[in-house]
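Please read the following note beside the sequence and the three-dimensional view. The points are numbered so that each may be checked in turn.

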Amino acid sequence: MDRRMKADAMRKLVHARPFRPFVVHVADGGGLPVKHEDFVALAPSGREMIVYRHDRPDDYEVVNLRLVTRLEVTTRNGGRKSRK
């Protein structure tokens with residue numbers, strides 16, 4: 001998946017109605033949970049995004065979208081569904 005496709009997929013998740021929490025998985029094996037749309041911002045260029053931590057709102061991660069390996073959406077029943 002190229003950067004533009006990742007940026008489009010990210011925009012769809014952030015602007016989905018109703019919003020559903022998701023996890024951004026990155027190349028180092030880590031995952032960044034996005035609990036609410038207010039906790040994520042995608043750069044207009046689609047190259048980077050900022051994810052604020054829900055447990056420490058003053059802390060954030062800057063993520064290069066090239067390092068995103070998959071997006072994991074929480075389903076209504078509490079399970080998880082992956083998007084590549």
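1. Tyr52 counts as partly exposed, because its relative accessibility is 30%. Tyr52 is found in strand β4. Helices (H or I, at least four residues) and strands (E, at least two) are DSSP runs, numbered from the N terminus.

2. The model is predicted: local features need pLDDT of at least 70, side-chain atom pairs count only at pLDDT 80 or more, and totals for chains, interfaces and linings use all residues. Residues are numbered from 1 along each chain as its sequence is written, and side-chain values use heavy atoms, with hydrogens and water left out.

3. The chain has 1 helix and 7 strands. Read from the N terminus, the order of the elements is α-β-β-β-β-β-β-β. Of the 84 residues of the chain, 29% count as buried.

4. How many aromatic pairs does the structure hold? There are 2 aromatic pairs. Rings of Phe, Tyr and Trp (its six-membered ring) pair if their centres lie within 6.5 Å; planes under 30 degrees apart count as stacked, over 60 as edge-to-face and the rest as tilted. The ring centres of Phe19 and Phe22 are 6.0 Å apart and the planes stand at 55 degrees, so this pair is tilted. Both Phe19 and Phe22 are buried. For Tyr52 and Tyr60, the centres are 5.4 Å apart and the planes are at 55 degrees, so this pair is tilted. Tyr60 is partly exposed because its relative accessibility is 47%.

5. Tyr52, Tyr60 and Val62 make a nonpolar surface patch of about 290 Å². Patches are made of residues with over 30% relative accessible area and no salt bridge; like charges are joined within 9 Å, and nonpolar side chains (Val, Leu, Ile, Met, Phe, Trp, Tyr) within 5 Å. Accessible areas come from the Shrake-Rupley method with a 1.4 Å probe, and for residues only the protein chains shown count as cover.

6. An open sheet of 3 strands is arranged in the order β3-β4-β5 with antiparallel pairing. Two strands pair if DSSP finds at least two bridges between them. Its edge strands are β3 (40-42) and β5 (60-64), each of which pairs on one side only. On average, neighbouring strands of this sheet are turned by 15 degrees against each other, direction ignored. Such axes are lines fitted to C-alpha atoms, for helices over the stretch in contact, and angles run from 0 to 180 degrees between N-to-C directions. Strand β4 (residues 48-52) is joined to β5 by 5 bridges, and the two run antiparallel. Within this pairing, Glu48 stands opposite Asn64 in β5.

7. Strands β1 (residues 22-26) and β2 pair in the antiparallel sense over 4 bridges. Phe22 has Val34 in β2 as its bridge partner. The hairpin of β1 and β2 has 4 residues between the strands, and in this hairpin Gly29 takes a positive phi near 95 degrees.

8. Side chains of opposite charge can pair when their charged atoms come close. The structure holds 4 salt bridges, a salt bridge being a side-chain nitrogen of Lys or Arg within 4 Å of a carboxyl oxygen of Asp or Glu. One of them joins Asp8 and Arg11, with the closest N and O atoms 3.6 Å apart. Asp8 and Arg11 both lie in helix α1, 3 residues apart, about one turn of the helix. Asp8 is partly exposed at 38% relative accessibility, and Arg11 is partly exposed at 31%.

9. Among the salt bridges are also those of Arg53 with Asp55 (2.9 Å, N to O) and of Arg56 with Asp59, whose closest N and O atoms are 2.6 Å apart. Asp55 is partly exposed, with a relative accessible area of 47%. Arg56 is partly exposed at 42% relative accessibility.

10. Arg4 lies in helix α1 (residues 3-14). Is Arg4 buried or exposed? Arg4 is exposed, because its relative accessible area is 61%. The C-alpha atoms of Arg4 and Ser45 are separated by 9.1 Å, although these residues are 41 residues apart along the chain.

Technical notes
Buried means under 20% relative accessible area, exposed over 50%, partly exposed in between (1.4 Å probe, protein chains only).
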